[in-house]
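Subject: Structure for your review

Dear colleague,

Please find the structure below, followed by an account of what was found in it. I would be grateful if you would read the two side by side.

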Amino acid sequence: MQIGKDAVVRAKGEKRGVLARLFQHTSNYSIGSVLVMLASIISFPILTRIFSVAEYGTMALVTSTILFLVGIGKLGLQHSVVRYYSEVEAGTRNNTATQFFSTVLFGMIVVGLAVTLLSIVGIRFVPTAWLSNEQTKYLIILASPLIFIRVVDSAMYNMLRAQQKSGIYSTYFTVRKYLGLGLIFFVLFYVSRTLEGFFISSMVGEFIAVAVIIFYYARQHVFDVRQFNKPLFISMLVFGLPLLASELSMLLLNMSGRYIINYQLGPEPLGAFSAAFNFSDYLQGVLTASFAQAVVPMYFRMWEQQGREKTIEFIQQALKYYIALALPVLGGMAAVGPELLRLLASSKYDVSATLIVFIVGGMLVSGGTPIFSAGIYINKLTKVVMYSVLTAAAVNIVLTVLLVRPFGIEGAAFAALVSYILYTVMAAYYGRKVVKISIPWFDVLKYGSFTLIMYGVVVYIDPPDLVFRIFSQIIVGAVVYGALIIIFDRQVRNLLRQGVAKLMRAR
């Protein structure tokens, strides 16, 4: 009987340890995300004031095109980095660490360079009408070196993520962001206040950052071009290529609306839509994106080292806490989002609460997919992801074409929301056939109720000064929701007690 009790105590201790590590990695990612978000929020009102709404729309279109081409250049290999490293580390794959790191870096360099050169040639033959004007085409070609830089960069930071070096990962992203912004603002204020100046300074900043992280790994002597392993690279391609199709489809899901808005309504409505989208992405990504970044490599490692049952238990807990984070983000953005956007970006960007809710809701649904459909990734069923995203992207394009003219940019946001939900439902359905993850409906109801209470309190806070009103609403909303969580969620209370006890012992 005593042995049984000891086993139960040990199991509970392990569970708390895993959750503690999850929150530690989430905290590390979140700190970096908060600092990056702060930089983005600082830059957001400056860029929206330096450039006209139409110029901001053009900048968004160029950025979206570069992101799509970067997606092609990565060939899905960034997903393979996280998945295959767990196997190399666990000894279940017959490759050394040096072979792994060398194959990833030199493979991505060759692929990134090839895709960059092909993209420059391809863009020259794209009909100008598709991109609205010749300036947009010229800016895409000018910014094309970013394709190569970001492909190599994705290899490097996913190495950090695979190794669960969340502190270094966050430091790297933070330094890269602030270095880039410093160069951009220097160029825009003192050299050239143009879109050309923006993209050239972006290239210089990102090149310096990726050179630093390559040097960080090179000092560990993990790169040797002679250790490039062709069978490993091919295996990683086989795993990653179906995810490439899904990634490109996801980029279409995220960005096709911008091209349709630009084509049907023009660059100015595109600028308003892009500002709302970027603003929402900055704010919702702090906790939810950081949480997903921490979860995926953890459940890969657990699956390899601790088996099926422990992994499912961990994913189930992770899903619960993702819901606890996502719902108040949605409620908070519905309450303060439109006024906060107008405060930051100026009155030129006057959008509705409906637009913000549709955009953030879609982002949150999509952000939880790696948790909802963990079985697909664990069992390498990447074709399922590809089919799910392709279907959702096709639906998004059709709905956006049908809804943009009668309903404007709100129609594009609604089309994206429907498509995100479709993608997540399809991926979760097939993922549950492999690793059955149950939706914690009681927790959805509980955290949803807390969010409604928070929303009801926040909207009644209405001092006349806009800045003070928004600040008060955010603080009060966080306090109300946090208090409800602490009072009614026992696991959160226990984790909080452990954290406080650890701090007291550290003293």
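In which helix is T116 found? T116 belongs to helix α4, which spans residues 97-124. Please note from the outset that the model is predicted.

T116 is buried, because its relative accessible area is 7%, under the 20% cut-off. Setting aside neighbours within four places in sequence, T116 has contacts with S144, P145, I147 and F148.

V104 is also found in helix α4. Its relative accessibility is 5%, so V104 counts as buried. With neighbours within four places in sequence left aside, the residues in contact with V104 are V81, A155, M159 and M236. The C-alpha atom of V104 is separated by 8.0 Å from that of L77, a residue 27 positions away along the chain.

The chain as a whole

The protein has 20 helices and zero strands. Of its 507 residues, 54% count as buried. Among contacts in the protein with a separation of 6 or more, 84% join residues 24 or more positions apart.

Confidence

The mean pLDDT of the protein is 81, with 88% of the residues at 70 or more. Among the elements, the highest mean pLDDT, 92, belongs to helix α18 (residues 441-459), while the lowest, 61, belongs to helix α1 (residues 2-50). The pLDDT is below 50 over residues 5-16, a stretch that has six contacts in the model beyond near neighbours in sequence. Where pLDDT is low, predicted coordinates should not be read in detail.

The second largest pocket

Which residues lie closest to the centre of the second largest pocket? This pocket holds about 540 Å³ of space. It is lined by 19 residues, and V365, F372, T424, I439 and W441 are the closest to its centre. Helices α12 (308-345), α13, α17 and α18 are the elements that each give two or more residues to the lining. The largest share, seven residues, comes from α17. By residue class, the lining of this pocket divides into 16 nonpolar, two polar and one charged.

The second largest cavity

How many cavities of 30 Å³ or more does the structure hold? There are four of them. The second largest cavity has a volume of about 90 Å³. Its lining consists of 13 residues, with N254, F273, F277, A412 and A416 nearest the centre. At least two lining residues come from each of α9 (230-264), α10 (267-284), α13 (353-367), α16 (382-407) and α17 (409-432). Here α17 supplies the largest share of the lining, with four residues. The lining of this cavity comprises nine nonpolar residues, four polar residues and no charged ones.

In summary, α17 gives the largest share of the lining both to the second largest pocket and to the second largest cavity.

With kind regards

Definitions and conventions
Residues numbered from 1 in each chain as written. Predicted model: local features only at pLDDT ≥ 70, side-chain atom pairs only at ≥ 80, totals over all residues. Heavy atoms only, no water. pLDDT = per-residue confidence, 0-100. Contact = heavy atoms within 4.5 Å. 1 Å grid on protein atoms, 1.4 Å probe; cavity = no way out; pocket = protein on both sides within 12 Å on 5 of 7 lines; lining within 4 Å. Points joined across faces, edges and corners; volume = space filled by probe spheres on them. Nonpolar A, V, L, I, M, F, W, Y, C, P; charged D, E, K, R; others polar. Buried < 20%, exposed > 50% of the residue type's maximum accessible area, 1.4 Å probe, protein only.
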